[in-house]
Amino acid sequence: MSRIGKKPVPLPKGVTAQVTGRTLVITGPKGEITRTFHPEMTLVVEENTVVVRRPSDESFHKALHGLSRTLVANMVAGVTEGFRKQLEIQGVGYKAEVRPFGLQLVVGFSHPVKYEAPKGVKLSVDNNTIVKIEGVDKEMVGQVAAEIRSIRPPEPYKGKGIRYVGEQVRRKAGKTAQAATK
């Protein structure tokens with residue numbers, strides 16, 4: 001049996017779960033998340049917990065069992081606490097601004113870069129250099145952070161670019177001038 005999969009996911013106060021077919025809807029104080037699960041996994045709501053069951057002990061079903069349970073746990077955590085990522089912009093003149101469509105970044109290109117935030121994700125900026133991404137869906141928050149970082153990833157020579165807060169960028173030594181030998 002999957003050690004992770006066999007644990008029921010407890011529902012805190014104020015969180016409700018509803019299963020229809022293979023779709024699970026979890027509602028909480030921060031919002032609502034809907035997800036469709038693999039047709040071979042069975043989801044059941046029992047006494048303020050969500051239980052995931054699998055049909056057999058095949059390795060595929062064991063893997064799906066643990067994955068499905070973790071996805072349910074992330075949904076519950078998202079509607080109670082929410083998920084958050086922070087990005088840091090480094091470079092002379094590099095900055096970010098919140099706009100009605102999402103985010104406008106000035107990161108060394110000849111033009112400002114516009115990033116449109118998907119529905120359900122909140123973007124905010126501190127000191128023009130720290131971008132905060134918040135939402136109830138863990139996958140969506142991580143995807144938005146990765147997309148913003150990919151606009152100008154940190155380069156290894158000067159370290160300029162967009163990085164996660166606390167990310168270590170391996171620096172390289174630049175070219176060294178060589179004396180002409182003849």
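Biologist: Is Arg149 buried, partly exposed or exposed?
Modeller: Arg149 is partly exposed, because its relative accessibility is 22% and buried means under 20%. Keep in mind that this is a predicted model.

Biologist: Which residue forms a salt bridge with Arg149?
Modeller: Glu167 does. The closest N and O atoms of the two are 2.7 Å apart.

Biologist: Where do Glu167 and Arg149 lie?
Modeller: Arg149 is in helix α2, while Glu167 is in the segment after β13 (161-164).

Biologist: How many salt bridges does the structure hold?
Modeller: It holds 8.

Biologist: What does Glu139 pair with?
Modeller: Glu139 forms a salt bridge with Arg35. Their closest N and O atoms are 2.6 Å apart.

Biologist: What is the accessibility of each one?
Modeller: Glu139 has a relative accessibility of 47% and counts as partly exposed. Arg35 is partly exposed too, with a relative accessible area of 22%.

Biologist: Let's stay with β4. Which way do strand β3 and β4 run, parallel or antiparallel?
Modeller: They run antiparallel. Strand β3 covers residues 23-28, and 6 bridges join β3 to β4.

Biologist: How many residues lie between β3 and β4?
Modeller: There are 2 residues between them, and the two strands form a hairpin.

Biologist: Which residue in β4 stands opposite Val25?
Modeller: That is Thr34.

Biologist: New topic. Which residues do salt bridges with shared partners join into one network?
Modeller: Lys95, Glu97 and Arg99 are joined that way.

Biologist: What is the N to O distance for Glu97 and Arg99?
Modeller: It is 2.4 Å, where their side chains meet in a salt bridge.

Biologist: Are Glu97 and Arg99 buried or partly exposed?
Modeller: Glu97 is partly exposed, with a relative accessible area of 24%. Arg99 is partly exposed as well, with 33%.

Terms used:
Residues are numbered from 1 along each chain as its sequence is written. This is a predicted model: local features need pLDDT of at least 70, side-chain atom pairs count only at pLDDT 80 or more; totals for chains, interfaces and linings use all residues. Side-chain values use heavy atoms; hydrogens and water are left out. A salt bridge is a side-chain nitrogen of Lys or Arg within 4 Å of a carboxyl oxygen of Asp or Glu. Buried means under 20% relative accessible area, exposed over 50%, partly exposed in between (1.4 Å probe, protein chains only). Helices (H or I, at least four residues) and strands (E, at least two) are DSSP runs, numbered from the N terminus. Two strands pair if DSSP finds at least two bridges between them.
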